[in-house]
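User: Please go through the structure below with me. I should like each term set against its definition.

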Amino acid sequence: MRFELATTPGDPERPNEDWASVALPAAGQGGALVLLDGVTPPAGDYGCRHSVPWFTAGLGGALIELSASRRDLTLAEVLAEAIRRTADAHRDTCDLSHVRTPQATVVLARWGADEIEHLVLSDSALLLESPDGTVRAVLDDRLDLVPPEVLSSLAATDALRNTEGGFFTAAADPAVAARAVTGVTARAKVRALAALSDGVTRWVDMFGAGDWAECVGVLRKEGAQGLIDRVRALEREEATTPLVRRWKRHDDAAVIFAEV
């Protein structure tokens, strides 16, 4: 097994809201990875005294511990319990019913001798590379289905956040885990995994610099930081285009690449 992780803030003056980790059980069989992309709230009150990095660290820590130690739980059950634990840590001090309470996108993967389980919630991505080089992207595309003009309105976006017909993120309600995209793949059919926050997937889905297979090729040749560096270079080159101006010029970026 070989693992590589890299994460870089979108703005060096602001804390990085992405979180990534890998766990290898002491028994030496299998492993797990977790990648979170914290959702930056708009300026103003969001009902919580804690920062998004506080939330992603707490949720991420619970996810990596549960993924490795509770193999009797499905990944959806792992996510539900991790959300519950994190909510309990600030339930008495914060308004967890606030629509913008700290939240994050989630990528989980766990593997043993025979199978690889996966879970994706919201717009981060998991790539599964087969032995023949074919790459399958596991995506939760519900946010992509929301028209850009709706996302430009905070009120309209809030009305769709964690609601039926909208999009879902991990916040304070464990029930959202049932909304995640989940599945199981035979381990023999996967030679590598890549988890990417949306600050990195823009190499494919915003800039069209390559497809998912080529993205994995960059990771294998140049490493996780090499892929992030490519994204940053494109962001600088395309800074004046309407597409980049519509979103953050630089977003927090996180990558986990695992050859299993």
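User: Why is W54 called partly exposed?

Analyst: The relative accessible area of W54 is 31%. Buried means under 20%, exposed over 50%, and partly exposed in between (1.4 Å probe, protein chains only); W54 is therefore partly exposed. This is a predicted model, in which local features need pLDDT of at least 70 and side-chain atom pairs count only at pLDDT 80 or more, while totals for chains, interfaces and linings use all residues. Residues are numbered from 1 along each chain as its sequence is written, and side-chain values use heavy atoms, with hydrogens and water left out.

User: Where does W54 lie, and which residues is W54 in contact with, leaving aside its neighbours within four places in sequence?

Analyst: W54 lies in helix 1; helices (H or I, at least four residues) and strands (E, at least two) are DSSP runs, numbered from the N terminus. With those neighbours left aside, W54 is in contact with T86, A89 and H90, where contact means heavy atoms within 4.5 Å. The C-alpha atoms of W54 and E17 are 8.7 Å apart, although 37 residues separate the two along the chain.

User: How do you know that the span of helix 2 agrees with its length?

Analyst: The expected span is 1.5 Å times one less than the number of residues. For the 14 residues of helix 2 (residues 75–88) this gives 20 Å, and the end C-alpha atoms are 20 Å apart, so the two agree.

User: Which residues of helix 2 are buried, and what do they pack against?

Analyst: L75, V78, L79, A80, A82, I83, T86 and A87 are buried. The buried residues of helix 2 pack against helix 1 (52–69), strand 4 (104–111) and strand 5 (115–121).

User: What makes phi of S122 worth noting, and is S122 buried or exposed?

Analyst: Most residues other than glycine have a negative phi. S122 is not a glycine, yet its phi is positive, about 75°. S122 is found in the loop between strand 5 and strand 6 (125–129). Its relative accessible area is 4%, so S122 is buried.

User: Why is N162 called partly exposed?

Analyst: N162 has a relative accessible area of 28%, and is therefore partly exposed. N162 lies in the loop between helix 4 (154–160) and strand 8 (181–186), and its phi is also positive, near 55°.

User: How many helices and strands does the protein chain have, and why is the chain called as compact as a globular protein of that length?

Analyst: The protein chain has 7 helices and 10 strands. Its radius of gyration is 18 Å, close to the 18 Å that the globule rule gives for 260 residues, so the description holds. The radius is taken over C-alpha atoms, and the rule is 2.2 Å times the number of residues to the power 0.38.
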